[in-house]
Amino acid sequence: MSDDSQADSPGDSSRPWLELAPDYERARTREDSLDRIVEWPAQRDLLGDVTGRSVLDLGCGNGGKLAELVRDGATASVGVDVSGNFLSDPPPGVEFIRGDLSELDSVPGLAGRRFDRILFLQSFGYAKDPVRTLQAARAMLADDGFILLTRTQPIRYAVERAEQNGTSLGEEYFSTASFSYVSGWNDHITLTKRPYTISALLNVFSAAGLWIEAAIEPQLSEDARRRYPHKQAWMNKYLGILLFKLRPIPASGSVLSAG
């Protein structure tokens, strides 16, 4: 749901996305989109073979990524997005539902269903109650299923705010004050974001009963660095995104380290 930025709103966190969804989809199609050359390749690699797997994409945008997964062999898959701006001709095996990921318990068509893979691809920042949303998603995981969740590296926002405010990286990274900025997709829309730290994000996972099987900070390939030096310069400064592969904590409470 995000390329170079991610939106949150303290009142209705889904409202900015209702306006920005078409702009985001246009931005994703750019040849040098970070989603296209960094994020999606890393997300796809972490998902692995999806043949015969059911996928739930929460905050799916127009559903383009989910449609690609179904073409790769995924089945009985569902995309949920509050915008309702879905592909007009999805492949068989894809169902789109207009709904709010903050209210998964009441999204029509999801009750009682289980999925092998559940995705929050730059959409998790829209959750009004992050722990509750993750708990609801965890309850929909099939046996041996996992959640793939991505978030923008929070240091990126701290660097931006430090430059704007004339403060230090540490001051801004640990600040709890919401901040606003003009969307990179549409300069007529101002977005408000709640800051977060990496430790706070990890604690949300733990509180939701999940453990991290893998964590990745994807970078540009050597070819992409040569072709898009301006994107490499951006990554050098703002670091990019974090990818997490999350599984339910076993009933025994014991978890083996992935590293």
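Predicted model: local features only at pLDDT ≥ 70, side-chain atom pairs only at ≥ 80, totals over all residues.

Author: Residues are numbered from 1 along each chain as its sequence is written, and side-chain values use heavy atoms, with hydrogens and water left out.

Reader: What is the strand order of the open sheet?

Author: Strands here are DSSP runs of E with at least two residues, and helices are runs of H or I with at least four, numbered from the N terminus. Two strands pair if DSSP finds at least two bridges between them. The open sheet has 7 strands with mixed pairing, and its order is 3-2-1-4-5-9-8.

Reader: Which residue in strand 9 is the bridge partner of Leu-149?

Author: Strand 9 (residues 241-248) pairs with strand 5 (residues 141-152) in the antiparallel sense over 6 bridges. For Leu-149, the partner in strand 9 is Phe-244.

Reader: Is Pro-154 buried or exposed?

Author: Pro-154 is found in helix 5. Buried means under 20% relative accessible area, exposed over 50%, and partly exposed in between (1.4 Å probe, protein chains only). Because its relative accessibility is 4%, Pro-154 counts as buried.

Reader: How far apart are the end C-alpha atoms of helix 5?

Author: The expected span of a helix is 1.5 Å times one less than its number of residues. Helix 5 (residues 154-165) has 12 residues and should span 16 Å. That agrees with the model, where the end C-alpha atoms are apart by 17 Å.

Reader: How much space lies in the largest pocket?

Author: A pocket is an open set of points on a 1 Å grid over the protein atoms alone where a 1.4 Å probe fits, with protein on both sides within 12 Å along at least five of seven lines; lining residues have an atom within 4 Å of a point. Of the 13 lining residues, the closest to the centre are Pro-130, Arg-151, Arg-194, Tyr-196 and Val-204. Helix 7 (residues 198-207) gives the most to the lining, with 3 residues. The space in this pocket is about 200 Å³.

Note on methods
Points joined across faces, edges and corners; volume = space filled by probe spheres on them.
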